Amino acid sequence: MQKYSIFSLVKNALTGHQNWDLAWKDPNPKEEYDVVIIGGGGHGLATAYYLAKEHQITKVAIIEKGWIGGGNVGRNTTIIRSNYMHDENGLFSEFGMDLWRKMSQDLNYNVMFSPRGIINLAHSDAQMNAYARRGNSMRLNGIDAVLLNREEVKELIPMADFSDNVRFPIFGGLMQPSAGTARHDAVAWGYARQADSMGVDIIQNCEVTGFDISAGKIKGIRTSRGNIKAKKVGLCVAGSTNILAEKLNMTLPIETHLLQACVSEPVKPVLDKVVTFGAGHFYISQSDKGEMVMGGDLDGYNSYAQRGNLPTLQHVLTEGIAMMPFLSKLKMLRTWGGIMDMSMDGSPIIDKTHIDGLYLNCGWCYGGFKATPASGWTFAHTIAQDRVHELNSGYSLNRFSTGHLIDEKGLGTKTWIS
Amino acid sequence: MLHIKCPHCGMRSQNEFSYGGDATVKRPELNKEVTDQEWDNFVYNRVSPRGKHLELWQHLSGCRQWIKVERDTATHEIFKTYKANEEIA
Amino acid sequence: MTQSYRIETGGLINRNKKISFKFNGTSYFGYEGDTLASALLANGVHLVGRSFKYHRPRGFFGAGVDEPYAVVQLYRNGETEPNIKATEQELFEGLEASSVNCWPSVNFDIGAINNFLKIFLPAGFYYKTFMWPKSFWYKIYEPFIRKAAGLGVASTKHDKERYEHKYEYCDLLIAGSGPSGLASAYSAAKNGAKVILAEDKPRYGGSLLTSDVNIGNQSGKDWADGIISELKEMPNVTVKNRSQVFGYYDHNMLVMSEKVSDHLPKTKKYHPNKRLWYIRAKEVLISSGSIERPIVFGNNDTPGVMLSSAAKEYLKVYGVLVGKKPLVFTNNDSGYETAIEFKKHGVEPIVLDSRSNPQSEIIDEAKNLGINIKNSYVVVAAQGYKKVKSADVATISEDKKTLGKIENINCDCICVSGFWTPTIHLVSQSGNKTKFNEEIDAFVPGVSKQNETTLGAANGVFTLEETLKTSFEKGKELSKKITEKDNEISIPNVVEKKYSKHDKFWCVPLPKGKSYKRFLDFQNDVAVSDVEIALREGYRSIEHVKRYTTLGMATDQGKTSNLNGLQLVSEIENKVVPSVGHTTFRPPYTPISIGAIVGREVGKHSKPTRKSPIHNWHEEHNAVFVDAGVWLRPRYYKRGNETLFEASKREAKNVRTNVGVCDVTTLGKIDVKGPDAAEFLNRVYTNAWLKLPVGKARYGVMLREDGIVMDDGTTTRISENHYHMTTTTAQAANVLSHLEYYLQLVWPELNVNVVSTTEQWAGAAIAGPKSRDLLQKLFPKTDVSNEGLPFMGYVEGDLFGVKARIFRISFSGELAYEVNVESDNGRFMWEKIIELGEEFQIQPYGTEALSTLRIEMGHVAGSELDGRTIPYDNALEGLLSKKKDFIGKRSLQRAAFVAEDRQRIVGVVPLDKKN
Amino acid sequence: MSLISALNNVHAKGQFGDFEGKDDKNLLSISETTNLLILQIVQYKSSNSSLDNMQVDGLNLRDNPSLVSSNDNTRILWNGPRNWILVSQKKDTLNEIEQKFNDNEFAITDISHSKAIIEIEGKEAKEVLKKGCPFNFGELEKNQCLNSTYNGMSVTIDMLDDDPDKFRIFGLRSFGESLYHSITDASLEFGYIAK
């Protein structure tokens, strides 16, 4: 595979950029694979990459109904963090942070991981207490956490509202300095390019229409481009999980909801941290292009409509202005909605299923992007070894029956309350 | 913003309502023995279809009645709305 | 000072009113009715900015919302706003603006070094490099790239402008006041329909302002003026200019942004800067017209290259010549209209037509006027850096693949017309799957998804006669459905010139040996070569192309670039355009002010505030407040220089030793009434409720169905069928909905009514060893002894003429009571308590002391019911009835919930028991 | 004993906003209404009482959405199925009701102190309401009522008159100051007299 570097860039420039290789091929599906991953999003692509890299399983196909990276990995607010209270989430995410830190070099694709720090603002004593508790949990799990007082927050983000004309004054915040952002499309493309180079077939515009199961074991899948035999099948389709589950006669503790986000027009750098509002649901960072990337609420009802909804965005931006009044003078450029696989305790599922050889990766709620490498890594392990890794042992499907819930927000089954 | 026909009050804007989730799950009767599976199906498991979905809404800033709404989750088209205990056609 | 590019007469500006303004520090003047763009052009200023990536000079390309170039920093009334399109900004006295994305100046911009490095900076170059050494990305490269990117500068000052919303309903919403909008609005209005007609520009009339047509013996413009003034007089019609319908949402709701004050030097006091209209329409008529598209050629981003329709608009509306030696480069008849306008004003244009032998009325007219027309000619490249100086032109073969010998023509502007693209953004947002129309090489509306109808140019209809006819008819037909009226309207005669077919040609081939950049997206510097690289590397889906090259992702959102991008992809990939498909049109149509989206809910009012009837007393007594949900509660009462810790410790200690009073009005209160109330409570709470006597209170815990504690509180039986339930402040609203859910959906057979009485009662908790003594003073006629009012007892009392409810319940484990009076009497009660409590050393206490007291006594504190704990975790398992079923009971059997090693919340006591 | 009404602390009399140069008679007027008896009346599902027989202050309870039955003293607002809000200047109506309505069939709850009540009158009154409430006011007529939200706060709106338009807006008492701000802020553009 062609190596990307400043030298290859110069060399290619001198030949008019005529000699770049395909980043990934566009093959037709083969008759049979060892592993078929359904879903060409970030998690599916990462899974295929780690199957090849960590487990030397390369007879792998990724089946994507549209084009790779077109789902939530291509429409999110790019935040990467591991500031969780529960051990399962903290340890899993922190393992992911390590993978993020070396991702550009691993993939030979600049994913622009930018550890600029995330600050969760607190607006009450109760919240400061909750953050102190969460920060302590994080530190016990080896994750960096700093509790900031009001003055310290002001130092870092002076454009936040420290005036008297504020509804929810800032009491302080919890910062994870090593958290940050990455270039979302590049993550999908980088994984795709490496997976492809190791022999994985990336099959786009191929829709799964059914599954072949006999005697409780998966035999293959049916697609719009013919039947494909497979020893193992991994489901990695985020917001489409319920659609495929229906074809498998499974009902899952998952609902599909729409999350709204938007960006402003680009402006010169003014905000170099990721910041979340504590008196609502709003988060913001400034992209390298200068756009304010802002997200927040679910539409609040089951939805597969991938489109923006202004009343929701109004709500999101109201909180944005409450936190950073200067946003008022900017203009909203683009909005989008991403469909989320909301699990009933807000945490993901990476597990085997009752069908032999069928594996499930879903329930990412709003947190899917940051989990991309750790999700791919552990899912690959679960598929390759036919058993869960310690890191994803908490993310079991039966935890809802057993009561081993991992509920960071304490909202329970009302997934539509964000 | 959805426009929902409250069967009691008429067409109203979505911001008067709050969502209540899948209306097809049925709470097992009190004092009745149910299997783990039945209970999990009530508490956790959801079909969440792409297409027609029967769901609960409460007309919170209206008559405060819980209603059932048959809506398409892809297009958001609302086909019909029902009172809390009205027969579903 | 004269304006060298303003013609002597003509245009729609008010020449009697001069307006002075500054651009990049230099003073200029324009006239009332100018935009910043037209005023600058009148003054001969073409260089307004620098492009995003290569920092190439940028001028004006369009005359309206489609403008990809002319983005400026605006200064108005002491405030600044980034990224304003000069083509949309109306001139006002004292306006100041400056160029963005250049340093030190637009004329000499250091960033332009990128332009020389551009061969090293193709699409996606940043994905391929900046990876070594590892730490350099975040420390070195990224900060550098961040600085170079971005357009204008955001002010971090608080915005002083007002914004507001308005919810409106109408029969017909008509977006766009061109011929189709006017005609449909007119016939619908005459049928009595409630009509809103929205126009995003200051002037109504759309294409009628610039086209040379006659309607019913009037000029197009006069006809438009007549219709508008008639519509404005009708009570059932709202006509709005400077108002853009930018989004089409679910259930026929559209959102319109009205710029109320942007054209004024400052916003009128008490009035909004912008107003956002949420409009629910029964029918929507989209008459948004079309946007001319460019033809792609070498260096087509040089200032002075612009759309031919824009050149015509500058001339006809603003009386401004965009150049004095114009070259018109066209593949259709529209370019001739512009050429004729130039000619009429004494300027000699040259027309290059890519077609070999086009024939039509308008071409004949151009020929008759003696305009120099060159057929089968194209512009190969613009020459000049900060302004067009000349053009390299050549003949082109019939198959459009081979160029003839390159000649150079002197010119100072190049007006391009590559035919028209219907503006289908709203149509597409409504859910309409648009279809590709080969005839016009563009997408047009397909089958309507919501109640939308598209008219005129937006529907791909480019003749006025047909547009007017269908628009009058549609307006009538749709309004008739609603009003059931059927007013006859005579459709006026139309005189317009017939067009010949356009040439399916959109990109000039590169001459051999030349490497001109041929730009598709002007703001983001995306050239033909970038798309070629993307496709070569396998980024083939149109979404991949868009993301990899950033085509169409600039602030103009690809209004002039998307279709040409699609043509290029389809050509290289050898597919037809419809199978390439277009990227999704998402709202907003143009970038929308965030302030306007938010409206009036800013500052202190970003969320409503709830206050108790005693709030003012707290304020007067140095209370420091804390948000509890949206309630404000006293956190502590500050004395002197006390800290939070000192004050709360003092207050708590006083409760332990004397008596304290706490405002508990915020606790949720629900009246539960009905013959089945006891049975209902028995199902809702985990403990038994059937035998609670009248006049007694009981503590209860309620669960969610998943077994997690939802809320706790006491409920008192006031009479046989009447219970008074209390909830925590945070859960009050949720508990009420929860109860209604079970009563209406699950157990409809129960005859119970629940209603919130939180606001009805002001509540004071009186706690401490001296609380009974105080209570006796407050209620001298009531027996409040341990026998008269035992623990968990309830009596009604008379508080100096005010009826009161007295509960012997404790939040903090002390001897304690809660007194409720009707809210209007709340402050009276409080003051009485303070007054009579003086002898017992009473002090008010806040939430901080309350929490301390609760924790000391091992009572459940609010943050322990955080939606994650089951009764056992909070040592509440004793409240779980084994005999009866209740909400959530079944979930408590789950393995993790009964596990031996389950974590639970415990109290901590210092070993020396001193602190 | 000194009663303090919900808006006592915010409602200051005078002229506000863009009133200059406008005729006082045409200005919006805004006032607080106090000291009303407000009851919620709910008929249980099992009740067999015919509503035709259930009169209060000479007015019938009628289960017609948005309908207000009224006389000079009392207005009965439809609040939901078999659910009404009675608003009366006659405080003794409570006794009348408690005698007439059996508590096995009806739930009567006094919520007189639960509300902050703003009256707004003037030809722009609907325009003020449209700035925060998503209801279609084009459809609302005199002696009709609705429940909805205004800037995120639940409200009941009773249309008292239509020449000029006059509305009574009931909000939750604790939200009173925020609601008052919202309504008066929306009125600034027109100018208003606080009475």
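Let's start where chain D meets chain B: twelve residues of chain D and ten residues of chain B take part in this contact. Keep in mind as you look around that this is a predicted model. Together, chain D and chain B bury about 830 Å², with 53% of that on carbon and sulfur atoms. Three residues stand out on the chain D side: D:Pro81, D:Pro134 and D:Asn147 supply 44% of the area that chain D buries against chain B, more than any other three residues.

What holds the charges here? Look for salt bridges between chain D and chain B and the count is zero. Polar contacts do turn up, though, with five residue pairs across the interface of chain D and chain B, both partners at pLDDT 80 or more.

Now step back to the whole assembly. Five pairs of chains are in contact, and chains A and C share the most contacts among them. Chain A and chain D, on the other hand, do not touch, and their nearest C-alpha atoms lie 10 Å apart.

So let's follow chain A over to chain C. This contact draws in 109 residues from chain A and 100 residues from chain C. The two chains bury about 8,800 Å² between them, and 55% of it is on carbon and sulfur atoms. Within chain A's part, A:Arg167, A:Lys268 and A:Lys329 supply 10% of the area buried against chain C, more than any other three residues.

How many salt bridges cross the interface of chain A and chain C? The rule finds ten. You can pick out one of them by zooming in on C:Asp250 and A:Arg307, whose side chains meet at 2.6 Å, N to O. Polar contacts are counted too: 60 residue pairs between chain A and chain C, again with both residues at pLDDT 80 or more.

Which parts of chain A do the touching? The largest share comes from α9(A), with eight residues. By class, this side of chain A has 47 nonpolar, 34 polar and 28 charged residues.

To find the spot, look for A:Lys331, which stands opposite C:Ser593 in β32(C).

Chain C is divided into domain 1 (14-129), domain 2 (163-291 + 422-495) and domain 3 (510-589). The centres of domain 1 and domain 2 of chain C are 30 Å apart, taken over C-alpha atoms. Their contact takes 14 residues from domain 1 of chain C and 17 residues from domain 2 of chain C.

These two domains of chain C bury about 1,000 Å² between them, with 42% of it on carbon and sulfur atoms. Here the rule finds one salt bridge across the interface of domain 1 and domain 2 of chain C. In a salt bridge you can look up by name, the side chains of C:Glu90 and C:Arg242 meet at 2.6 Å, N to O. Six residue pairs are in polar contact between domain 1 and domain 2 of chain C, both residues at pLDDT 80 or more. The residues on the side of domain 1 that touches domain 2 divide into four nonpolar, four polar and six charged.

Three strands form an open sheet in the order β11-β10-β29 (chain C), with antiparallel pairing. The edge strands are β11 (218-219) and β29 (494-495) of chain C, each pairing on one side only. Strand β10 of chain C (residues 214-215) pairs with β29(C) over two bridges in the antiparallel sense. Where does C:Asn214 find its bridge partner in β29(C)? The partner is C:Val495.

Note on methods: Residues are numbered from 1 along each chain as its sequence is written. Chains are lettered from A and ligands numbered from 1 in the order in which they are written. This is a predicted model: local features need pLDDT of at least 70, side-chain atom pairs count only at pLDDT 80 or more; totals for chains, interfaces and linings use all residues. Side-chain values use heavy atoms; hydrogens and water are left out. Contact means heavy atoms within 4.5 Å. Buried area is the accessible area (1.4 Å probe) that two parts lose on being put together, summed over both. A salt bridge is a side-chain nitrogen of Lys or Arg within 4 Å of a carboxyl oxygen of Asp or Glu. A polar contact is a pair of N or O atoms within 3.5 Å; within protein, one must be able to donate a hydrogen and the other to accept it, and residues adjacent in sequence count only if both atoms are side-chain atoms. Helices (H or I, at least four residues) and strands (E, at least two) are DSSP runs, numbered from the N terminus. Ala, Val, Leu, Ile, Met, Phe, Trp, Tyr, Cys and Pro count as nonpolar, Asp, Glu, Lys and Arg as charged, and the others, Gly among them, as polar. Two strands pair if DSSP finds at least two bridges between them. Domain bounds come from an automatic or database domain assignment.
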